[in-house]
Amino acid sequence: MIDERTEEAASLYALELLEGEEKAAFESRLQKDASLKRFVEELRESSTALAMLAPPAQPAPALKDRVFASLPREQAAPPAQVVPVPLAPWIGWAAAACFALGAAYLGQLYVSSEAELAGLRTQESLARIDGENARQLLEAERLLAQVQISDLRTAQSRIASLQQQADLAQLKISSLASLLSDSPEAQAIAVWNPLAQEGVLTVANLPTLPVDRDYQLWVIDPQYPIPVDGGVFTVEPTNGEARLQFKPKEPIAHIAKFAVSLERKGGVPKAEGPMVLISP
């Protein structure tokens with residue numbers, strides 16, 4: 001954004017009124033600031049337009065005759081050359097005032113346009129984020145509905161085993177969506193058996209981690225002040241898939257959410273790293 005002091009310097013520069021170090025400093029900044037350069041060009045165009053608006057100064061046709069008639073006869077001979085009548089000195093100041101008003105108007109219009117453009121960019125970014133979140137949610141629901149995670153067939157065998165201990169209606173099945181901007185396609189499904197206090201987590205498309213890092217599963221139960229550790233896991237380098245059979249460190253009464261974070265190798269008792277997956 002161009003401040004008031006810079007606008008004043010730009011106006012003087014457009015009128016060729018800057019000199020010495022001030023002119024050199026302004027020209028150096030002008031080379032680096034594209035918006036300031038456009039502003040100076042607009043000021044120059046405005047000053048040119050204002051100059052063209054001033055009508056040419058022409059003396060009245062009878063002025064010369066009246067001047068000669070008022071002189072003594074011995075001085076009445078017309079001069080050999082007509083001297084043009086100079087413009088009144090206030091005309092220059094009037095033009096400068098008009099130029100300053102025009103520059104102020106253009107500056108205000110420029111600032112308003114920049115603010116409006118910034119607002120539109122913000123709205124576009126928010127719309128893009130909302131669209132991406134909706135896309136990820138729909139993708140997770142599609143994977144859950146169609147059971148398309150490649151390793152889910154293995155998980156289904158574990159589900160069948162869990163169903164022998166509890167009615168299917170008791171199982172909690174949750175989809176986890178990605179929170180990674182660089183891996184929005186990451187997905188996971190968690191199946192929890194409250195009677196057996198154990199479950200299965202199947203993930204796909206997670207980025208491969210360095211050797212000193214692990215993914216860690218967390219079970220969020222409102223009765224505990226912090227999420228309960230569900231275990232650590234790594235993924236296959238080729239496809240980012242993994243399967244974790246987990247049993248939380250504490251008894252779980254009600255699961256509000258599942259989450260996966262990026263932690264130190266071997267896991268931590270309390271989440272420290274960023275969350276990469278979370279259920280609705």
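Which residues does L201 touch, not counting residues up to four places away in sequence? In this predicted model, the contacts of L201 are L176, A188, I189, A190, L217, F233, A242, R243, L244, F246 and V260. L201 belongs to the largest nonpolar core, which has 24 residues. Within this core, L201, V203, L206, F233, F258, V260 and L277 touch the most other members. Several strands contribute to the core. At least two residues each come from β2, β3, β4 (213-220), β5, β6, β7 (257-264) and β8 (275-278).

The strands themselves form an open sheet. Eight of them are arranged in the order β5-β4-β7-β8-β1-β2-β3-β6. Their pairing is antiparallel. At the edges stand β5 (228-233) and β6 (242-246), each of which pairs on one side only. From one strand to the next, the twist averages 25°. Strands β2 (residues 187-193) and β3 (residues 198-204) run antiparallel and are joined by seven bridges. Opposite W192 stands G199, in β3.

The loop between β1 (172-178) and β2 contains S183. S183 counts as buried because its relative accessibility is 8%, and the cut-off for buried is under 20%. Neighbours within four places in sequence aside, S183 is in contact with S178, N205 and P207.

Methods: Residues numbered from 1 in each chain as written. Predicted model: local features only at pLDDT ≥ 70, side-chain atom pairs only at ≥ 80, totals over all residues. Heavy atoms only, no water. Pairing = 2+ DSSP bridges. Helix = DSSP H or I, 4+ residues; strand = E, 2+ residues; numbered from the N terminus. Axes fitted to C-alpha atoms, helices over the stretch in contact; angles between N-to-C directions. Core = buried A, V, L, I, M, F, W, Y, C linked by side-chain atoms within 4.5 Å. Buried < 20%, exposed > 50% of the residue type's maximum accessible area, 1.4 Å probe, protein only. Contact = heavy atoms within 4.5 Å.
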